[in-house]
Amino acid sequence: MVKVPQIVKDAAQDLIDRFGDNFIYLGMFEGADAYIQQVPDDLCIGYPHVYLVKDGKVDDISGPIALFIIESLIKDLDEVGSE
């Protein structure tokens with residue numbers, strides 16, 4: 001498990017309440033640390049949320065841009081336990 005900044009947890013609190021406090025650090029994206037919450041594989045919940053942390057601020061990104069960020073940072077999704 002990754003040490004996630006509190007500002008990410010605050011931004012993701014609704015999802016944490018529903019799916020737990022499990023995050024994956026994706027890496028650096030345009031100078032920001034990128035995190036994603038890991039949800040159970042058998043759920044179909046729409047676009048994932050990517051949390052970008054830079055300069056003490058967090059941006060909650062969803063929609064097609066979230067998929068772009070994930071794809072640009074992870075070459076093999078099986079490396080992070082996703083299918």
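Which side chains meet in a salt bridge? I began with this point and found aspartate 21 and lysine 9, at 3.2 Å from N to O. I took a salt bridge to be a side-chain nitrogen of Lys or Arg within 4 Å of a carboxyl oxygen of Asp or Glu. The structure holds 1 salt bridge.

**Basis of the entries**

I note that this is a predicted model, in which local features need pLDDT of at least 70 and side-chain atom pairs count only at pLDDT 80 or more, while totals for chains, interfaces and linings use all residues. Residues are numbered from 1 along each chain as its sequence is written, and side-chain values use heavy atoms, with hydrogens and water left out.

**Entry 1: the salt-bridge pair**

I located aspartate 21 in the loop between helix H2 (13-19) and E1, and lysine 9 in helix H1 (residues 6-11). The two residues are 12 residues apart, and the pair links distant parts of the chain. Helices (H or I, at least four residues) and strands (E, at least two) are DSSP runs, numbered from the N terminus. I then looked up accessibility, where buried means under 20% relative accessible area, exposed over 50% and partly exposed in between (1.4 Å probe, protein chains only). Aspartate 21 is partly exposed at 30%, and lysine 9 is partly exposed at 22%.

**Entry 2: the sheet**

I recorded an open sheet of 4 strands in the order E1-E2-E3-E4, with antiparallel pairing. Two strands pair if DSSP finds at least two bridges between them. E1 and strand E4 (57-61) stand at the edges with a single partner strand each, so one side of each has no neighbour in the sheet. On average, neighbouring strands are turned by 25° against each other, direction ignored. For such angles, axes are lines fitted to C-alpha atoms, for helices over the stretch in contact, and angles run from 0 to 180 degrees between N-to-C directions.

I also examined E3 and E4, which run antiparallel and are joined by 5 bridges. Leucine 52 has aspartate 59, in E4, as its bridge partner.

**Entry 3: two loop residues**

Glutamate 30 lies in the loop between E1 and E2. Its phi is near 50°, a positive value in a residue other than glycine, and I found glutamate 30 exposed at 68% relative accessible area. Aspartate 55 is in the loop between E3 and E4. Phi of aspartate 55 is near 55°, again positive in a residue other than glycine, and aspartate 55 is exposed at 70%.

**Entry 4: helix H3**

I saw that H3 lies across E1, E2, E3 and E4 and runs at about 80° to E1. Which residues of H3 are buried? They are Ala66, Ile69 and Ile70. These residues cover an arc of only 95° around the axis, so they are on the same side of H3; the arc is that of the directions from the helix axis to the C-beta atoms. They pack against E1, E2, E3 and E4, contact meaning heavy atoms within 4.5 Å. The face turned away from the buried side carries the exposed residues Pro64 and Glu71.

**Entry 5: the cores**

A nonpolar core is a set of buried Ala, Val, Leu, Ile, Met, Phe, Trp, Tyr and Cys residues joined through side-chain atoms within 4.5 Å. In the largest, of 13 residues, I noted that Leu26, Val50, Leu52, Ile61, Ile69 and Ile70 touch the most other members. Strand E1 (23-29), strand E2 (32-37), strand E3 (50-54) and helix H3 (64-73) each give two or more residues to this core. Another core, of 10 residues, lies apart from it and includes Val4, Phe19, Tyr35 and Tyr51.
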